[in-house]
Amino acid sequence: MLGNDWDELLKEEMEKEYFDKLFDFVKEQYQEKDIYPKMNEIFNAFRHTAYKDVKVVILGQDPYHGENEAEGLSFSVKPGIRKPPSLNNIFRELKEDLGYEYPKYGSLVKWADEGVLLLNSVLTVEKDKPASHRGRGWEQFTDNVIKKINEKETPVVFILWGNYAKAKKELITNPNHLVLESTHPSPYSASSGFFGSRPFSKTNNFLKSKGIKPIDWDLSK
């Protein structure tokens, strides 16, 4: 289904009763309403970042709910789509932190291919209705994903922006890993701790200290 090692790792979870109910709900929603991302893009985060390649996890809440914005990766929008305010603030912090210019597009596929798992806690959403698919089972599924990554012996950086993401910290118990926390990059909170948090350089410094190739965060090329 995903074409990499996630298939075996997630097989048991996807065979559970709650997941069958969840996917029956999701398929019904796609038939009746405008749901994002496209159905064949729901699991894009896993397709782009195999379990063995995960170096960083950036945890989001649910997909962007505007027309054609979501592409199955947290905080990422498809090329040619206007960059949402939170994403613009991420790019602002990236420039302040590492000096990289603002990218032309808001797609973060390059980061995903570098080993950054861009994971939303909820993987689908109804058009113009944020949080519309919360509490349906996605959280149980993605919490299990976080637990699987927590089991990795290879060090991983978990980047938790905002209270929703920070609440997942209790799932990260392995001392091999690094947890970086700040306020959310939303315009409502970015000035209260996100700006100046330097997550990108901190991530790479940690990876290099563990003998792991750092992430190339530059999207302006």
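I took helices as DSSP runs of H or I with at least four residues and strands as runs of E with at least two, both numbered from the N terminus. With that convention I placed Asp-128 in the loop between strand 4 (125-126) and helix 6 (138-150). The model is a predicted one, and I kept that in mind for each entry below.

Entry on backbone angles. I looked up phi for Asp-128 and found a value near 65°, which is positive in a residue other than glycine. I then turned to Phe-75, where phi is again positive, at about 70°, although this residue is not a glycine. Phe-75 sits in the loop between strand 2 (56-60) and helix 4 (85-98). Is Phe-75 buried or exposed? Its relative accessible area is 9%, and because buried means under 20%, I noted Phe-75 as buried.

Entry on peptide bonds. I checked the bond from Tyr-36 to Pro-37 and recorded it as cis, with omega near -10°. Pro-37 belongs to the loop between strand 1 (35-36) and helix 3 (44-48).

Entry on surface charge. Which residues gather in a patch of negative charge on the surface? I listed Asp-20, Asp-24, Glu-28 and Glu-32. Of these I followed up Glu-28, which lies in helix 2, spanning residues 17-32.

Terms used
Residues numbered from 1 in each chain as written. Predicted model: local features only at pLDDT ≥ 70, side-chain atom pairs only at ≥ 80, totals over all residues. Heavy atoms only, no water. Patch = residues over 30% accessible without salt bridge, like charges linked within 9 Å, V, L, I, M, F, W, Y side chains within 5 Å. Areas by Shrake-Rupley, 256 points an atom, 1.4 Å probe, with all protein chains shown as cover. Salt bridge = Lys/Arg side-chain N within 4 Å of Asp/Glu carboxyl O. Lys, Arg positive; Asp, Glu negative; His and termini not counted. Charge placed at Lys NZ, Arg CZ, Asp CG, Glu CD. Buried < 20%, exposed > 50% of the residue type's maximum accessible area, 1.4 Å probe, protein only.
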